[in-house]
Amino acid sequence: MQFGVNLSFLKWSPVQYAYKQWAGLYQRGKQYLYVNAGLGFIGYPGRVGFLPEITVFELRRA
């Protein structure tokens with residue numbers, strides 16, 4: 001089950017106590033990491049507070 005609060009001003013989930021980077025875009029130096037809320041589940045087949053997410057990255061030559 002994926003559980004949390006996903007509002008424009010607040011993102012919270014119990015998973016944040018286990019993982020520092022758990023949702024959204026993060027930058028460390030010149031590297032970026034995007035963590036997707038995903039589509040799947042473990043245990044209860046449901047989602048509370050987060051819509052299913054598919055991320056599309058379009059890469060362009062600089």
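Q: Let's start with Trp22. Is Trp22 buried or exposed?
A: Trp22 counts as buried, with a relative accessibility of 15%. Keep in mind that this is a predicted model.

Q: And where does Trp22 lie?
A: Trp22 is in the loop between strand 3 and strand 4.

Q: Which residues does Trp22 touch, leaving out those up to four places away in sequence?
A: Trp22 touches Lys11, Trp12, Ser13, Val15, Gln16, Val35 and Phe50.

Q: How far apart are the C-alpha atoms of Trp22 and Asn36?
A: They are separated by 7.9 Å, with the two residues 14 apart along the chain.

Q: Ser13 was among the contacts of Trp22. Where is Ser13?
A: Ser13 lies in the loop between strand 3, residues 10-12, and strand 4. Ser13 is buried, because its relative accessibility is 7% and the cut-off for buried is under 20%.

Q: What does Ser13 touch, again without residues up to four places away?
A: Its contacts are Phe3, Gly4, Trp22 and Phe50.

Q: How about the C-alpha distance from Gln16 to Gly4?
A: That separation is 9.8 Å, for residues 12 apart along the chain.

Q: Let me zoom out. How many helices and strands are in the chain?
A: The chain has 0 helices and 6 strands. Read from the N terminus, the order of elements is β-β-β-β-β-β.

Q: What share of the residues counts as buried?
A: For this chain of 62 residues, the buried share is 16%. The accessible surface of the chain is about 5,700 Å², and carbon and sulfur atoms account for 60% of that.

Q: And what share of the contacts joins residues at least 24 apart?
A: The figure is 34%, taken among contacts between residues at least 6 apart in sequence.

Q: Back to the strands. In which sense do strand 4 and strand 5 pair, parallel or antiparallel?
A: Strand 4, residues 24-28, pairs with strand 5 in the antiparallel sense, over 5 bridges.

Q: Which residues in strand 5 are the bridge partners of Gly24 and Arg28?
A: Gly24 has Val35 as its bridge partner, and Arg28 has Gln31.

Q: Changing topic, how many aromatic pairs does the structure hold?
A: The structure holds 1 aromatic pair. The rings are those of Tyr34 and Phe57, with centres 5.8 Å apart and planes at 80°, so the pair is edge-to-face.

Q: How accessible are Tyr34 and Phe57?
A: Tyr34 is partly exposed, with a relative accessible area of 33%. Phe57 is exposed, at 58%.

Q: Which residues form the nonpolar patch on the surface?
A: The patch is made of Leu25, Tyr32, Tyr34, Phe57 and Leu59, so both members of the aromatic pair belong to the patch. Together the five residues have about 640 Å² of accessible area.

Q: Last one, on charges. How many salt bridges does the structure hold?
A: There is 1 salt bridge in the structure. The side chains of Arg60 and Glu58 meet there, at 2.7 Å from N to O.

Q: And are Arg60 and Glu58 buried or exposed?
A: Both Arg60 and Glu58 are exposed.

Technical notes: Residues are numbered from 1 along each chain as its sequence is written. This is a predicted model: local features need pLDDT of at least 70, side-chain atom pairs count only at pLDDT 80 or more; totals for chains, interfaces and linings use all residues. Side-chain values use heavy atoms; hydrogens and water are left out. Rings of Phe, Tyr and Trp (its six-membered ring) pair if their centres lie within 6.5 Å; planes under 30 degrees apart count as stacked, over 60 as edge-to-face and the rest as tilted. Buried means under 20% relative accessible area, exposed over 50%, partly exposed in between (1.4 Å probe, protein chains only). Two strands pair if DSSP finds at least two bridges between them. Helices (H or I, at least four residues) and strands (E, at least two) are DSSP runs, numbered from the N terminus. Contact means heavy atoms within 4.5 Å. Accessible areas come from the Shrake-Rupley method with a 1.4 Å probe; for residues, only the protein chains shown count as cover. Patches are made of residues with over 30% relative accessible area and no salt bridge: like charges are joined within 9 Å, nonpolar side chains (Val, Leu, Ile, Met, Phe, Trp, Tyr) within 5 Å. A salt bridge is a side-chain nitrogen of Lys or Arg within 4 Å of a carboxyl oxygen of Asp or Glu.
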